[in-house]
Number of protein chains: 2
Amino acid sequence: MRSNMNIDRQTIEQAHERIKSYIHRTPVLTSQSIDDAAGCQVFFKCENFQKVGAFKARGAMNAALSLSTEQLKKGIATHSSGNHAQAIARAGKILGVKSYIVMPRTAPEIKKRGVKGYGGEIFECEPTLQAREATLAEVIKKTGATEIHPFNNYQVIAGQATAAKELFEEIKDLDVIMAPVGGGGLLSGTALAARYFSPKTKVIAGEPAGSDDAYRSMQSGKIEQAQSQTIADGLLTTLGDKTFPIIKELVSEVITVSDVQIVEAMRMVWERMKIIIEPSCAVPLAALLKEKERFRGQRVGIILTGGNVDLEKVLGLMTG
Amino acid sequence: MRSNMNIDRQTIEQAHERIKSYIHRTPVLTSQSIDDAAGCQVFFKCENFQKVGAFKARGAMNAALSLSTEQLKKGIATHSSGNHAQAIARAGKILGVKSYIVMPRTAPEIKKRGVKGYGGEIFECEPTLQAREATLAEVIKKTGATEIHPFNNYQVIAGQATAAKELFEEIKDLDVIMAPVGGGGLLSGTALAARYFSPKTKVIAGEPAGSDDAYRSMQSGKIEQAQSQTIADGLLTTLGDKTFPIIKELVSEVITVSDVQIVEAMRMVWERMKIIIEPSCAVPLAALLKEKERFRGQRVGIILTGGNVDLEKVLGLMTG
């Protein structure tokens, strides 16, 4: 039980109460045609329709709302080139406090505009983890802001857990719940939500084979480093020391999938559900389809994580 | 009141009860970024996530369920190359009766497969309205099946009305509700739902300028013929003698939009809401954006009608 002591049932319930008025309760969608293809019943929790376009709005908001007035006064900070950056800037705007976002100078203009749109202050750095961490440390030293890490933070994890909590409230008796794994914030939150709110539901992760660090970590029992040989560029992160113990204890399995399988699953969602998702978001469905014999006839929940797709780039994948 | 006497409040309530377990209660989605662009609050009723991918599942199901056992025994029939064909075939399958679908031989393979997937029997004909009607008459003569027209049928209209009814139940105090207009089944149903369930809400239609028969019909006071100079190929139909009187009485206005405006609105929905819609579905949003000064600060409901997009074709529009 050691790994979970920081997040109990009440922690997640409180997180949900705390963020409820700032997030969408996203819809759960189904598709007969995908059910037919998968040979089971699939319930998609559509976090792609969440504020800032991803589940990240939940964790960031919960973490920001959990800070003291004293802390908040000095602002919040993070390094991220993705949706977490926007989620933190949005939380800062809602709470009327400064947000400081360290971004690699190579981050797409559209992401920077997103952050600026919420009034976030951007600090550019070289595109290495080292430079990001060093720049963030500097910013925090100067401003006194509190760091909110994208995943290695218990309040972030508790916030991400609320997506699965909502799914369990709406869809009963799921045999399996699936989420993708990058740094493990969503996966560990999902696993904790299953433990407390739907203990019979098995938790399975999907991971790109080209960055299968979570798979290898589960085998070796220690945190392995991520690679970056995949188009699922939202999932290139290595697990954290707060997320891994939870995942190790509560996740049944990590299924890895090739980029070809990811694109096929993405295309299936585009064509049959008419939802635009990015490759990272298609990973759990790809995992389900790869191993579909094992899920035959079951009720499977999948968290569509969202992500702010670069439309031109994804159109290229679809037509190319 | 003459025009509405066939569909009163209770007719729509009964339709809703009747079809409830056979359709999705589709989600209502919002987008801060579209609200910002439009200068008002927009609530999208996502019928693109409806069974068979469009609101057509409602009307077809209601009409089929309204037939007598005697009638049902001999099956149901229609001519359609679109979503109504699938919706009728699906209704037939659910009710365990035969469905006969007359389709132009030029209809896309994917639509034919959709109909066959539900066990519908397809009769091919030349791609003219005359050939379609003649073939349908023949099929009905031979089988004794009951025709369910795609829009010129009160039970179909009452079924389509349930989409707006659900939207009114979920979102209060809408200033405006918008729908596209082709044959007018959805629009007349929407207008009736507004009258009975949200009488302060103004009903406005969007129509492609390249097939502006509803606009001209409202001017002239009689049914004008549709043209076909638009990419919004789901809206090429002329109004019917059952839909037009309702529209004439209850719809405030028809706003026409160019194909360029339609593609811009479609692109906006793809990019900002991450939903794949076809050109026809983007027409009301295009109308709103065209006249946005008039809607400033208002609460506007839009029915995203759905439609089974030809992905390759729409990708072409987006990238081309």
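Chain A is divided into domain 1 (2–53 + 153–319) and domain 2 (75–144), with bounds from an automatic or database domain assignment. The model is predicted: local features need pLDDT of at least 70, side-chain atom pairs count only at pLDDT 80 or more, and totals for chains, interfaces and linings use all residues. Residues are numbered from 1 along each chain as its sequence is written, while chains are lettered from A and ligands numbered from 1 in the order in which they are written.

The centres of domain 1 and domain 2 of chain A, taken over C-alpha atoms, are 25 Å apart. Eight residues from domain 1 and seven residues from domain 2 of chain A form the contact (C-beta atoms, placed from the backbone, within 7 Å).

Helices (H or I, at least four residues) and strands (E, at least two) are DSSP runs, numbered from the N terminus. In chain A, helix H1 (residues 9–19) packs on helix H3 (residues 56–65) at about 95 degrees, with axes 9 Å apart. Axes are lines fitted to C-alpha atoms, for helices over the stretch in contact, and angles run from 0 to 180 degrees between N-to-C directions. H1(A) and H3(A) are therefore roughly perpendicular (65 to 115 degrees). A:Ala15, A:Arg18 and A:Ile19 in H1(A) meet residues of H3(A) including A:Met61 and A:Leu65.

Chain B holds an open sheet of six strands, in the order E1-E2-E10-E7-E8-E9, with mixed pairing. Strands E1 (28–29) and E9 (253–257) of chain B stand at the edges, each with a single partner strand. Strand E8 (residues 202–208) of chain B pairs with E9(B) in the parallel sense over five bridges; pairing requires at least two DSSP bridges.

How values were computed
Contact = placed C-beta atoms within 7 Å. Parallel < 35°, antiparallel > 145°, perpendicular 65-115°, else oblique.
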